[in-house]
Amino acid sequence: MEINEDSVDDAVLALLWLTLHDRRRAWKGHDWDVLGRLHEKGLILDPVGKGKSVVLTNDGLRRSEEMFKTLFTNAPKP
């Protein structure tokens, strides 16, 4: 089975929005490869470290909310 990593990244980004706290921090209890790709895409700051959360960039905040609404709500699609 071939996995669409971009779709997985979008789903994890949407879940990061679900766990937002302190305006732009989210719990980083997700697959490290996905977090690494999100960092490479400029959507989160470097996830490596002892902290239990990651910081979303401005683009990451915008995209995470967009993906959350698209994937997990009945709101009109953008």
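Reader: Contact means heavy atoms within 4.5 Å. Leaving aside neighbours within four places in sequence, what is His21 in contact with?

Author: With those neighbours set aside, His21 contacts Ala26, Trp27 and Ser53. This is a predicted model, in which local features need pLDDT of at least 70 and side-chain atom pairs count only at pLDDT 80 or more, while totals for chains, interfaces and linings use all residues. Residues are numbered from 1 along each chain as its sequence is written, and side-chain values use heavy atoms, with hydrogens and water left out.

Reader: How far apart are His21 and Ser53?

Author: Their C-alpha atoms are 9.3 Å apart in space, and the two are 32 residues apart in sequence.

Reader: Which element holds His21?

Author: His21 lies in strand β1. Strands (E, at least two residues) and helices (H or I, at least four) are DSSP runs, numbered from the N terminus.

Reader: What is the strand order in the sheet?

Author: The sheet is open, with three strands in the order β1-β2-β3 and antiparallel pairing. β1 (20-21) and β3 (53-55) are at the edges with a single partner strand each, so one side of each has no neighbour in the sheet. Two strands pair if DSSP finds at least two bridges between them.

Reader: How many bridges link β1 and β2?

Author: Two, in the antiparallel sense, with β2 covering residues 25-27. On the β2 side, Arg25 is the bridge partner of His21.

Reader: And His21 itself, what is its relative accessible area?

Author: 22%, so His21 is partly exposed. Buried means under 20% relative accessible area, exposed over 50%, and partly exposed in between (1.4 Å probe, protein chains only).

Reader: Now the loop between β1 and β2. What about the phi of Asp22?

Author: Asp22 sits in that loop and has a positive phi of about 50°, although it is not a glycine. Arg23 is in the loop between β1 and β2 as well, and its phi is positive at about 70°, again without being a glycine.

Reader: Is Asp22 buried or exposed?

Author: Exposed, at 62% relative accessibility. Arg23 is also exposed, at 78%.

Reader: Changing topic. Which residues make up the largest nonpolar core?

Author: There are 12 in all: Val12, Leu13, Leu16, Ala26, Val34, Leu35, Leu38, Leu43, Ile44, Val54, Leu56 and Leu61. Helices α1 (5-18) and α2 (32-40) supply at least two residues each. A nonpolar core is a set of buried Ala, Val, Leu, Ile, Met, Phe, Trp, Tyr and Cys residues joined through side-chain atoms within 4.5 Å.

Reader: What does Leu13 contact, apart from neighbours within four places in sequence?

Author: Leu13 contacts Leu38, Leu43, Leu56, Gly60, Arg63 and Ser64 on that count.

Reader: And Leu45, where is that?

Author: In the loop between α2 and β3. Leu45 is partly exposed at 45% relative accessibility. Not counting residues up to four places away in sequence, Leu45 touches His39, Val55 and Thr57. From Leu45 to Thr57 the C-alpha distance is 6.6 Å, across 12 residues in sequence.

Reader: Which residues form the nonpolar patch on the surface?

Author: Leu15, Leu18, Leu71 and Phe72, with about 350 Å² of accessible area together. α1 and α3 (58-72) each give two or more residues to the patch. Areas come from the Shrake-Rupley method with a 1.4 Å probe, and for residues only the protein chains shown count as cover. Like charges are joined within 9 Å, and nonpolar side chains (Val, Leu, Ile, Met, Phe, Trp, Tyr) within 5 Å.

Reader: What is the relative accessible area of Leu71?

Author: 41%, so Leu71 is partly exposed. Leu71 belongs to helix α3.

Notes: Patch = residues over 30% accessible without salt bridge, like charges linked within 9 Å, V, L, I, M, F, W, Y side chains within 5 Å. Salt bridge = Lys/Arg side-chain N within 4 Å of Asp/Glu carboxyl O.
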